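Dear colleague,

Please find below the sequence and structure that I am handing over to you. My findings follow directly after them.

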Number of protein chains: 2
Amino acid sequence: MTAARASEFELIARHFAPLAGGRRIDAHGLKDDAASMAARPGFDIVMTADAVVRGIHFLPTDPPDLVARKALRVNLSDLAAKGARPLCYLLCLALPKEIDEEWIAGFAQGLAADQLEFGIELAGGDTTSTPGDLMIAITALGEVPAGRMLRRGAGRIGDEVWVSGTIGDGALGLIAAQGDLGAAAAADIAALTDRYRLPRPRTGLGPCLVEFDVAAMDVSDGLVQDLGHMCRLAGCGAEIEASRIPLSAAAAAQVAREPALMARAVSGGDDYEILVAVAPAASTAMADAARRCGTPMTRIGRLVAGEGVMVRAADGGPLDVGRGGWMHF
Amino acid sequence: MTAARASEFELIARHFAPLAGGRRIDAHGLKDDAASMAARPGFDIVMTADAVVRGIHFLPTDPPDLVARKALRVNLSDLAAKGARPLCYLLCLALPKEIDEEWIAGFAQGLAADQLEFGIELAGGDTTSTPGDLMIAITALGEVPAGRMLRRGAGRIGDEVWVSGTIGDGALGLIAAQGDLGAAAAADIAALTDRYRLPRPRTGLGPCLVEFDVAAMDVSDGLVQDLGHMCRLAGCGAEIEASRIPLSAAAAAQVAREPALMARAVSGGDDYEILVAVAPAASTAMADAARRCGTPMTRIGRLVAGEGVMVRAADGGPLDVGRGGWMHF
């Protein structure tokens, strides 16, 4: 079913211009070649970009507003993990012929909802047709106090490893969305599926962390794999305890029922939590600050000499987590 | 022929990390979630994004270094037209399976060449596989003195219309590249094809224009169509004279041989010149400044009451330019 689609100019005017600028950003109703933003003295601009492709990162049947929000939120999660407050984003859309205007309207509604929720503005972008599949490429900009961007590679041996929120909901939510959590309670399936479909970037937490001397990154490819990246940059290893890894009630119920799912929880992707390495002397103050910012954090282990990430099971031995993370490529 | 392709991490480390940051941008060797850039007091950040798709914006047979440079330069042209000095860019790449590492290496070499030429740095991006066609989405950032970004919509009735460089090389170059300029001299075919394949964004000129109270935009969809956009935003029309439109020697030879090509020259795309509307009292100073910046500008007409763009032929009557511009969508 292919509905007639308006011209690029009409689509932009109808669906995207209402999202453009208005506060910090001067986006000229998307009628100009570019947008502008005043520099704020004492702050650095933080930049990140992530692209999603239909059939790789989302399903053709996913509702367009959720597709939009997920594409945006994976970028907001990167900004949050760097301690940055999000400011704006630019959107490149490649649309195959069968995408009709109703889909585009739903997509824009998803963006509008998230702009309100996260206090961001559309600053520009590009819309093109494609003979290939639907692709959404987003660049997001944020700001941090000058010189305070949190880095992945700042960890040191002896640091405690902390993580925000809960781990594994995204991975178990994917299994649920595929219909493979059959014995689970309906409420758990719904909660996990929702968490998989719609990431909750920790934009409230990130800016609270910049006062502390921590290493930080977002957990998107799986806790074990992402902690492995942090370790490689710091030239060390890590040991974490499976029993300390924070699980939601819904995830904990699945692991209690089927203990093998714990490995999926710690190696699957789509958590969008913030992983932190912090010196023991600073960790209590950091956790207190995180709580005041509305996000609980949990200590799950520490950075150690050596290399690799060891997840210690309740019996003290290593938990086999397989390949250790999800790679899209 | 499909060569084995390395993992995303290896590809980034090998081909893109060497392009990342190092001067103004702290890009952490592309090993972090984001890059940072110090705000420069007294300057605004200018942002633009453009995406290109194989089969729509370039041909599968185009060499990868030229594909990269064109994708980057269309963004630099937007920055230049806003008066911005280019700073950095973020790159999202969606790669179909048959793209091998040799192609990616050539693509990265094209970016490296242009980084040197334009003094810019890679600040981040994303690489993903796609079941669809090759897509390159680039966001470019630049800066202008605070409040001085040039706008499309700032024109007024009575303003003179000026354009940089020469018009029509891109459009005639496309015809040449398709082998349809058969009777042309080989040197002309080569010159026009090259101009079509590799835009020359006016990054030297743009920052010289911010001292003047002008409307400006880049000419990418065809002179007549783009001037039409400028007129609609200003609530007026324009009259330009065909005999004043600056043509390169190669383009002029084609128009002399086949006068109907003049309509293609003024309505075809891919010029990447800067179109300006400026009050008559300021135009001489502006043209002098442009010349000092190394780019000639030519007065081609003026903004008038009414609507639409009229191209006046040598006999005083209107030149029929057909649809008036090229739309990708």
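**Domains, sheet and chain contact**

Chain A divides into domain 1 (8–145) and domain 2 (152–312); such domain bounds come from an automatic or database domain assignment. Please note that this is a predicted model, in which local features need pLDDT of at least 70 and side-chain atom pairs count only at pLDDT 80 or more, while totals for chains, interfaces and linings use all residues. Residues are numbered from 1 along each chain as its sequence is written, and chains are lettered from A and ligands numbered from 1 in the order in which they are written.

The C-alpha centres of domain 1 and domain 2 of chain A are 26 Å apart. Their contact (C-beta atoms, placed from the backbone, within 7 Å) takes 19 residues from domain 1 and 17 residues from domain 2 of chain A. On the side of domain 1 of chain A that touches domain 2, at least two residues each come from α2 (64–81), β4 (85–95) and β6 (135–145) of chain A. Helices (H or I, at least four residues) and strands (E, at least two) are DSSP runs, numbered from the N terminus. The greatest contribution to that side is made by α2(A), with 11 residues. By class, that side has 11 nonpolar, 2 polar and 6 charged residues; Ala, Val, Leu, Ile, Met, Phe, Trp, Tyr, Cys and Pro count as nonpolar, Asp, Glu, Lys and Arg as charged, and the others, Gly among them, as polar.

Strand β4(A) is largely enclosed by the rest of the structure, because 11 of its 11 residues are buried. A residue is buried if 20 or more other C-beta atoms lie within 10 Å of its own, exposed if 12 or fewer, and partly exposed in between, with C-beta atoms placed from the backbone. Strands β4(A) and β6(A) pair in the antiparallel sense over 9 bridges, with A:Leu90 opposite A:Thr139 in β6(A). Pairing requires that DSSP finds at least two bridges between two strands. With β5(A), β4(A) pairs in the parallel sense over 8 bridges, and A:Ala94 has A:Thr128 as its bridge partner in β5(A).

These strands belong to an open sheet of 6 strands with mixed pairing, in the order β5(A)-β4(A)-β6(A)-β3(A)-β2(B)-β1(B). At its edges stand β5 (121–129) of chain A and β1 (25–26) of chain B, each with a single partner strand, so one side of each is left without a neighbour in the sheet. Strands β1(B) and β2(B) pair in the antiparallel sense over 2 bridges, where B:Asp26 is opposite B:Ser36 in β2(B).

How many residues of chain B are in contact with chain A? The contact joins 57 residues of chain B to 58 residues of chain A. Strand β3(B) supplies the largest share of the chain B side, 10 residues. That side comprises 29 nonpolar, 14 polar and 14 charged residues.

Chain B superposes on chain A by a rotation of 180 degrees with 0.0 Å of shift along its axis (RMSD 0.0 Å), which is the relation of a two-fold axis. The superposition is by least squares on the C-alpha atoms of residues with pLDDT of at least 70 in both copies. In chain B, the residue closest to the rotation axis is B:Gly132, at 1.9 Å (C-alpha).

Yours sincerely

Conventions
Two residues are in contact if their C-beta atoms, placed from the backbone, lie within 7 Å.
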